[in-house]
Amino acid sequence: MSFVVGFLAAITFALLSPALQLMARTRGWPVGAVTLLAIAAALTHGLGVTLGILVVPQFQYWDAASIFGFCVMGYVFAFGAVYKSVSLEILLSVVDRPERRAPLSDIVERQVPDLFQGRIRNLVDGGLVEPVNSRFVATPAGRKMAGRVGRLRRAFGIGDTSLYDFSE
Amino acid sequence: MNMLPGPAQAAAIGLSAALPLLLLCYARIAATGGSGRRFRLGSVSILALYAIACLALPGERHFDDVLGGLFLLATAMMFCYILFSLLAWGFTLTLLTALVKAERPLNLEQWAVAYMQGGDLGSFTHNRLKLLVGAGMVIVADGKLAPTAKGVAIARLVKLVRLSTGLG
C-alpha cells in the first residue's frame, strides 16, 4: 500500500509540474524551470507522506519514497532530454519543414549559430556573462561557476569539449 | 509510520551514496575508457554489489524491500547521470568554461573558436549530426538532411514529452 501512495504522489507531481511551468511562463515568474521541478517534487512528496500517514496504518516511508523518487527522476530525465538538446532541436527543425528536408549549409550557417546566440543570452540573463561593447566577459559569478565545473570535470576525468566521443 | 529502511533498501541507500565515489575512483584508472563508458561501468558495478548485498545480508529477503532498493538505486543512477551528462556534454556550461579559459573578452566569432578549441561551429554541428545519423534518425544525401521514419517518430515523441511536461 505504501508503494501505491508513493506512486499516487508521483502522478500528482506529473500533473503539478507542467501546470507550474505553464503558469510561470504565462505570468512571467522569475523562477527557472529546474527550480519549479524541485518545488513540485517537494510539495508532492510532502503530500504523499501526509496521505500515507493518514490512510495507511503501517506506512513504510522508504517504500513510498523509492517509487516516488524513481518516477520523479524518470520524469526529470525525460524533461532534461528534451529541454535544450541541440541534436533534438536540429531534428525538430528538419521534421517541421513542409518538405521535411533541410540543406546542411542552412543548419551549419543559420540554425546552430542561432542556438549558440540563444545560449549566450541564457548566460547573460543568468548573470554569468556580461556584454562589454561588442564582446563578452564572464562575471565573478560566472568565473566562480566555471571554476567549480572545471574542478568537477578534472575529478571525474571528463573532458572540456562537450563533444560526443563516438570511439567509446 | 516506519521511517526505517529495510536491509536491502539500506544497502541501496549506501550504494547510491557510493556511486559518485566509485566514478571518482574509476576516473583514476585509464583502462575504464571515456566518460560514457565509465558511467556505464560504475552503474553495472553498483547493481552487482546490490545483488551481492541481497544474497549476503542475514535474514529473509522481502520482495517489497528488494523492489524498493532497486527503485532507490535506479533513482540515484538517473540523478548522477543527469549531473554527469551536464558536465560532459553540456553546451551552455562549456560555453561558459571556454570564455573563462580564454581570460579575455571575446566577440561571438572568437567565442565560437574558443568553444571549439580551434575548430568552428561547423565541426560542432557535424558532431551533433553524427549522433542523429548514428542513431538512424536522419540521413544526409546531396548536402541535405532528411529525417528517417524513426526520426519522425522520435520528433513526435519529443513534442509529446514537451507538451506533457509544460515546455510547450
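B:T165 sits in the segment after α7 (149–164) of chain B; helices here are DSSP runs of H or I, at least four residues long, and strands are E runs of at least two, numbered from the N terminus. This is a predicted model, in which local features need pLDDT of at least 70, side-chain atom pairs count only at pLDDT 80 or more, and totals for chains, interfaces and linings use all residues. Residues are numbered from 1 along each chain as its sequence is written, chains are lettered from A and ligands numbered from 1 in the order in which they are written, and side-chain values use heavy atoms, with hydrogens and water left out.

Is B:T165 buried or exposed? B:T165 is buried, at a relative accessible area of 3%. Buried means under 20% relative accessible area, exposed over 50%, and partly exposed in between (1.4 Å probe, protein chains only). A polar side-chain atom of B:T165 lies 2.6 Å from the backbone oxygen of B:V161. Beyond four places in sequence, B:T165 is in contact (heavy atoms within 4.5 Å) with A:P18, A:Q21, A:Y75 and A:F79.

Two of those names, A:P18 and A:Y75, come back around A:F13. Setting aside neighbours within four places, A:F13 also contacts A:L37, A:A40, A:A41, A:T44, A:F68 and A:V72. A:F13 belongs to the largest nonpolar core, which has 59 residues. Such a core is a set of buried Ala, Val, Leu, Ile, Met, Phe, Trp, Tyr and Cys residues joined through side-chain atoms within 4.5 Å. Among the residues with the most contacts inside it are A:I90, A:F116, B:L95 and B:W111. At least three of its residues come from each of domain 2 (90–119) and domain 3 (122–168) of chain B; the bounds come from an automatic or database domain assignment. A second, separate core of 21 residues includes B:A8, B:M77, B:F84 and B:W89.

A:L123 meets chain B too. This leucine lies in helix α5 (residues 104–125) of chain A and counts as buried at 4% relative accessibility. Apart from residues up to four places away, A:L123 touches A:L128, A:V129, B:T92, B:L95, B:L96 and B:W111.

Now the interface as a whole. Chain B gives 88 residues to the contact and chain A gives 77. Together they bury about 7700 Å², 73% of it on carbon and sulfur atoms. Buried area is the accessible area (1.4 Å probe) that two parts lose on being put together, summed over both.

How many salt bridges cross between chain B and chain A? The rule finds 2, a salt bridge being a side-chain nitrogen of Lys or Arg within 4 Å of a carboxyl oxygen of Asp or Glu. A:D96 pairs with B:K159, with the closest N and O atoms 2.6 Å apart. B:R162 pairs with A:E89 at 3.1 Å, N to O. B:R162 lies in helix α7 of chain B and A:E89 in helix α4 (residues 86–95) of chain A, so this pair joins two chains. B:R162 is buried at 13% relative accessibility, while A:E89 is partly exposed at 23%.

Over all chains the count is 5 salt bridges. A:R97, A:D106, A:R110 and A:D114 are linked in a salt-bridge network. A:R97 and A:D106 come within 2.5 Å at their closest N and O atoms. A:R97 is buried, at 18%. A:D114 and A:R110 meet at 3.6 Å, N to O. Both lie in helix α5 of chain A, 4 residues apart, about one turn of the helix.

Notes: Polar contact = N/O pair within 3.5 Å; in protein donor to acceptor, adjacent residues only side chain to side chain.
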